[in-house]
Amino acid sequence: MGIDEQATSQPPGAMRGAIVGTVALVTVFAAASAPIPLYATWQQQLGLSASDVSMTIVMYLFGVLSVLFFAGSLSDASGRRPTVGAALACGVAGCLLFIGLSSGPMLQFARFVQGVSCALSMSATSAFVIDCTSERHRTFGMTIASTGYLIGLTVGSLGIGFFATVSTAYWQVFAVMAVIMLATMFALPFTPETVHKRITWKKAVKPMTHVPAHLRKLLPIVAGGYISTWSVGFFFQSLSTPASVDYFGATDPLIPSLVLALAMAPSALGGPVSARMGTRSSMIVGYIIMFGAIVALEVCMVLGLLVPYLVLEVVFAVTTGMILSSSLHMLISASTPQENASVVTLANLTGYVGSTVVSTIQTGLTATFDLATVYAFIALLSAISIVPGCISMAKHQR
């Protein structure tokens, strides 16, 4: 697939492209996270149940998975820039839907559109950033590709949370994000196109249904890393607001925003930590500390201890970044530059498919159990997901 040798060095304007790609990735996910702290408000205004709120993550994931099977190859056929532009266009459409939000079905559809936007962004935009970063900036490119979306989730949730302290005209936040995405679209023509040898559209629309032979031994390890971290992360994305209300007495969107932000933003620190420790050590240490933090978070939730809870979220987020960066680095190191989009898509696809299953289970559980119990189930499923990868790592060590 389509990147020539010129792209493996650093083409003119490459860092400009990396910056524009980073802004695009962060903004798309900022827009996708901005609605989350407002769920409690919309529950009252639109008469939604906790199960309805949990269903928003399922609709979001459905939007993601409906596109992600093709997203990487689509950018190899049309080029990175057009696909990044399509991601931004869908992001703008999602913002417009939230500006005029008037019903539960409209909320679900808006989340579906944002899922499509995020799928395109996580494949094409992440690959674009990797393409534009030379070996000298490899850590930056890998960190943004693996955790840039988490930074975006933080920007959106914190932005709406702080805005809520001064105004309830939330449409203004979505309008600002739409403007930023439009400005980023206008900047795309001034960045280099990194795909020069494009594949055919017939090949592009063929879903990714197999794993390349040279990556199969790594798939259980990468899948475990993505599914375990994303499953817990999706709990925060979909249920941070009702959990903050039930266990920490939140009365406005600020606390849910902090809960979501601190579970996401510090993950960017995990990339540099992983680069210093090495891939294998980073994953092992990351898993040990992460699951310790997950258990401690359950205790703090039940006891209503907000400050320790927020501190532990930072620990969880940093280890998430370590695990995700290590997982993606494994795949990139075992591949050629021509496979960047497919590799990024494969990593995200495994995470989304596994997390969709877990999130569907989560939605069913919220109708019967309290949120602390639901979280405990999610943590258990997260632990189970890493078992095949741990077995695979142990075999390769011998």
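User: How do the residues of the lining of the largest cavity divide into nonpolar, polar and charged?

Analyst: The classes are set by residue type: Ala, Val, Leu, Ile, Met, Phe, Trp, Tyr, Cys and Pro count as nonpolar, Asp, Glu, Lys and Arg as charged, and the others, Gly among them, as polar. Here the lining of the largest cavity has twelve nonpolar, four polar and no charged residues. This is a predicted model, in which local features need pLDDT of at least 70 and side-chain atom pairs count only at pLDDT 80 or more, while totals for chains, interfaces and linings use all residues. Residues are numbered from 1 along each chain as its sequence is written, and side-chain values use heavy atoms, with hydrogens and water left out.

User: Which element gives the most to the lining of the largest cavity?

Analyst: Helices are DSSP runs (H or I, at least four residues), numbered from the N terminus. With five residues, α10 gives the most; among the 16 lining residues, Y149, L150, W230, Q237 and M264 lie nearest the centre of the largest cavity.

User: Which element gives the largest share of the lining of the second largest cavity?

Analyst: That share, seven residues, comes from α10, and the lining includes F235, S240 and Y309.

Definitions and conventions
On a 1 Å grid over the protein atoms alone, a cavity is a set of points where a 1.4 Å probe fits but cannot get out, and a pocket is an open set with protein on both sides within 12 Å along at least five of seven lines; lining residues have an atom within 4 Å of a point. Helices (H or I, at least four residues) and strands (E, at least two) are DSSP runs, numbered from the N terminus.
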